Amino acid sequence: MLAADLIRARTARLTSLLGIEHAILGGPMAGVNTPELVAAVSNAGGLGSIGCGMMTAEQIVAAVGRIRELTDRSFAINLFITPQPAVDEAQILRMQAKLAPIAPSSACRGASCLARSRRISREQFDAVLAARVPVFSFTFGALDAPRRQALRAQGARVIGTASCVREGRQLAELGCDAIVVSGSEAGGHRPTFAVPPQAAQVGLFACCRRWRRRWNCR
């Protein structure tokens, strides 16, 4: 198959999968993009995406409602799937002592702070499920089986985010419908989760080529 034919075939497969006209995905920029931008991308034939990692559950529900007022086309919701660290109270106390002289109001709150983070993450995902979104994407980790199954039961498409071949393969084995690859050229933070950051400093085209060679990707 010629390269142009292969690209066309992959593009057709992706657009059909996501219910869009053009293989263009709007970046889910948490704290920056808006329902209006999401709807504009979707109405133009792409996949509008909104980053909800910094939103409360109520804000997610409101954002999805506004998107649906503006478009009847496919769109995506993105959340951060970050590993939750174990609580080391001794380490937290040492950090509190260091912070107290310069920023007493910013002192760590230990286990209560981590418990709040877990609760917010759970409430965010519950809001996404309640909204029954057509496409769900995630970054900074791998979505666990119960949440994947809950999304599948609603017919949602699932997109993971990787910064190296190992992460891409892990997400593919989890059954993601599509994978967004973030090369080292990407600005700001990247979605690295399975390897040390220095091991994921691979350019986009090199990463895609390694993926195809090592896993016989078609």
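**Strand β3 and its surroundings**

In this predicted model, β2 and β3 pair in the parallel sense, over 5 bridges.

Q: What makes β2 and β3 count as paired strands?
A: Pairing needs at least two bridges between the strands. β2 and β3 have 5 bridges and run parallel, so they are paired. Within this pairing, Asn-78 stands opposite Ser-137 in β3.

Q: How do you know that β3 also pairs with β4?
A: 3 bridges join β3 to β4. The requirement is at least two, so these strands pair too. They run parallel. Here Phe-136 stands opposite Val-158 in β4.

Q: Why is β3 described as mostly covered?
A: A residue is buried under 20% relative accessible area. In β3, 5 of its 5 residues are buried, so the strand is called mostly covered.

Q: Which residues point which way from β3?
A: Val-135, Ser-137 and Thr-139 point one way. Phe-136 and Phe-138 point the other way. All are buried.

Q: Why is the pair of Phe-136 and Phe-138 called stacked?
A: The structure holds 3 aromatic pairs. In the one formed by Phe-136 and Phe-138, the ring centres are 6.4 Å apart and the planes make an angle of 25 degrees. Rings pair if their centres lie within 6.5 Å, and planes under 30 degrees apart count as stacked. Both conditions hold, so this is a stacked pair. Both Phe-136 and Phe-138 are buried.

Q: Which residues form an aromatic cluster with Phe-136?
A: Phe-125, Phe-136 and Phe-138 form one aromatic cluster.

Q: What makes Arg-147 count as lying over the face of Phe-125?
A: CZ of Arg must be within 6 Å of the ring centre and within 35 degrees of the ring normal. Arg-147 lies at 5.6 Å from the ring centre of Phe-125.

Q: What makes a set of residues a nonpolar core, and which residues have the most contacts inside the largest one?
A: The members must be buried nonpolar residues joined through side-chain atoms within 4.5 Å. The largest such core has 28 residues. Those with the most contacts inside it are Ile-50, Ile-60, Ile-77, Val-133, Phe-136, Phe-138 and Leu-151. The elements giving it two or more residues are α3 (57-70), β2 (75-80), α5 (111-131), β3 (135-139) and β4 (157-162). Apart from it lies another core, of 7 residues, among them Ile-20, Ala-76, Val-135 and Ala-178. In soluble globular proteins, nonpolar side chains tend to be buried together.

Q: Which residues does Phe-136 contact, leaving aside its neighbours within four places in sequence?
A: Its contacts include Ile-77, Leu-79, Phe-125, Val-128 and Leu-143. Leu-151, Arg-157, Val-158 and Ile-159 are also in contact with Phe-136.

Q: Is Phe-140 buried or exposed, and how do you know?
A: Phe-140 is found in the loop between β3 and α6 (145-153). Its relative accessibility is 16%. The cut-off for buried is under 20%, so Phe-140 is buried. Phi of Phe-140 is near 75 degrees, a positive value in a residue other than glycine.

Q: Is Arg-132 buried or exposed, and how do you know?
A: Arg-132 is in the loop between α5 and β3. Its relative accessible area is 51%. Exposed means over 50%, so Arg-132 is exposed. Phi of Arg-132 is also positive, near 50 degrees.

Q: Why does Thr-15 count as buried?
A: Thr-15 is found in helix α1 (residues 3-18). Its relative accessibility is 11%. That is under 20%, so Thr-15 is buried. Not counting residues up to four places away in sequence, Thr-15 touches Ile-20, Glu-21, His-22 and Ala-23.

Q: Why does Val-32 count as exposed?
A: Val-32 sits in the loop between α1 and α2 (35-43). Its relative accessibility is 59%. That is over 50%, so Val-32 is exposed.

Q: How many helices and strands does the protein have, and what pattern do they follow?
A: There are 8 helices and 5 strands. Along the sequence the pattern is α-α-β-α-β-α-α-β-α-β-α-β-α. Of the 218 residues, 35% count as buried.

Conventions. Residues are numbered from 1 along each chain as its sequence is written. This is a predicted model: local features need pLDDT of at least 70, side-chain atom pairs count only at pLDDT 80 or more; totals for chains, interfaces and linings use all residues. Side-chain values use heavy atoms; hydrogens and water are left out. Rings of Phe, Tyr and Trp (its six-membered ring) pair if their centres lie within 6.5 Å; planes under 30 degrees apart count as stacked, over 60 as edge-to-face and the rest as tilted. Buried means under 20% relative accessible area, exposed over 50%, partly exposed in between (1.4 Å probe, protein chains only). Helices (H or I, at least four residues) and strands (E, at least two) are DSSP runs, numbered from the N terminus. Contact means heavy atoms within 4.5 Å.
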